[in-house]
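This report describes one protein structure for a reader who has not seen it before.

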Amino acid sequence: MQCLESTLFWISWAFMAAGFAFVFADRRVRGPYGRYVPTDYNRRMVPAALGWFIQELPAFLVPVLLALTTEGRPGLGKVLLLCTFCVHYFQRTFVFSPLTRGKPMPAQTVTSAVVFCTLCGAIQGHNLLHCAHYDHTWVRDGRLVTGLFMFFLGMAINIHSDHVLRSLRKPGETAYKIPRGGMFEYVSGANYFGEIMEWYGFAMATWSFPALSFAFFTMCSIGPRAYYHHRFYIEKFSEYPKSRKALIPFMF
């Protein structure tokens, strides 16, 4: 398949612009899922586990299908990077989703996320399989090594932080509690910090504009939630650690 370089370029810029727009829009209306679903919200809802599974699956399935239908054998660099992308969404789809204990999600939010994840899977898969070029020395390149280290460290932080959040409540409990342990000792949005680190690591490892635009959009879409979570904890708990930041340890 021919590389759609111009299409990828403009879609990547659209992701960057959408990231900026999301930050400003989120200041007025929080993304309606989790604790920010209004109590009087009367639209159709989807159980959290099912919603997460449905919306994360395309980001895993689309690049896998692209790889299976691509003629020829991609090089080691491409295979390694594509598998890295798919590992994240395999975990989110088949591990995180069944374990989640979150509140039901609006069907509209799930539908929007399905479109987004389908597009992301298509863009990253097409870029790695049909556009990116890595020679045999790329597997020893400092950008790849550093990027993969960031990616898997961020993934470990993200998975551990999700475990901490799930462990806060026993079955049937609904009250919010202060998360402790791991990166939560430094930031309120430890799970978001880990995921943002993942995608900036992926952008460095691939050294591509589509991956960078995806990392930037991710930061703009979930970064503000870390700030709102931080403010929520401070307002709700008088004993909330004063040294803890919102998203970036020791800084913000």
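A salt bridge is a side-chain nitrogen of Lys or Arg within 4 Å of a carboxyl oxygen of Asp or Glu. By that rule the structure holds 3 salt bridges. The model is predicted, so local features need pLDDT of at least 70 and side-chain atom pairs count only at pLDDT 80 or more, while totals for chains, interfaces and linings use all residues. Residues are numbered from 1 along each chain as its sequence is written, and side-chain values use heavy atoms, with hydrogens and water left out.

**Salt bridges**

Side chains of opposite charge can pair when their charged atoms come close. The table lists the pairs.

| Glu56 | Arg92 | 4.0 Å |

Salt bridges that share partners join Glu56, Arg92 and Asp162 into one network. Where do these residues sit? Helices here are DSSP runs (H or I, at least four residues), numbered from the N terminus. For the salt bridge between Arg92 and Glu56, Arg92 belongs to helix α3 (residues 76-99) and Glu56 to helix α2 (residues 48-68), so this pair ties together parts that are 36 residues apart in sequence.

Burial is judged by relative accessible area: buried means under 20%, exposed over 50%, and partly exposed in between (1.4 Å probe, protein chains only). Arg92 is buried at 6%, and Glu56 is buried at 6%.

**Cysteines**

A disulfide is a pair of cysteine sulfur atoms within 2.5 Å. The count by this rule is 1 disulfide. Cys3 and Cys131 form it, with their sulfur atoms 2.1 Å apart. This pair links distant parts of the chain: Cys3 lies in the segment before α1 (5-26) and Cys131 in helix α4 (residues 107-131), 128 residues apart. The link of Cys3 and Cys131 is right-handed, with 105° about the S-S bond. Cys3 is partly exposed at 25% relative accessible area, while Cys131 is buried at 13%.

Cys86 is buried, with a relative accessible area of 9%. Cys120 has its closest cysteine sulfur in Cys117, at 6.1 Å, again too far for a bond. The relative accessible area of Cys120 is 2%, which counts as buried.

**Helix α6**

Helix α6 (residues 190-206) has 17 residues. From its first C-alpha to its last, helix α6 reaches 24 Å, close to the 24 Å expected at 1.5 Å a residue; the expected span is 1.5 Å times one less than the number of residues. Of the 17 residues in α6, 15 are buried. Just after α6, Trp207 takes a positive phi of about 50°.

Asn191 lies in helix α6 and is buried, with a relative accessible area of 11%. Contact means heavy atoms within 4.5 Å. Leaving aside neighbours within four places in sequence, Asn191 is in contact with Asn158, Ser161, Asp162, Leu165 and Phe184. Met204 also lies in helix α6, but Met204 is partly exposed at 28%. Not counting residues up to four places away in sequence, Met204 touches Arg143, Thr146, Gly147 and Met150. The C-alpha atoms of Met204 and Val46 are separated by 36 Å, and the two residues are 158 apart along the chain.

**Surface patch**

Patches are made of residues with over 30% relative accessible area and no salt bridge, with like charges joined within 9 Å and nonpolar side chains (Val, Leu, Ile, Met, Phe, Trp, Tyr) within 5 Å. Tyr186, Tyr227, Ile248, Phe250, Met251 and Phe252 form a nonpolar patch on the surface. Together these residues have about 660 Å² of accessible area, computed by the Shrake-Rupley method with a 1.4 Å probe, where for residues only the protein chains shown count as cover. Tyr227 lies in helix α7 (residues 209-236) and is partly exposed, at 33% relative accessibility.

Technical notes
Helix = DSSP H or I, 4+ residues; strand = E, 2+ residues; numbered from the N terminus.
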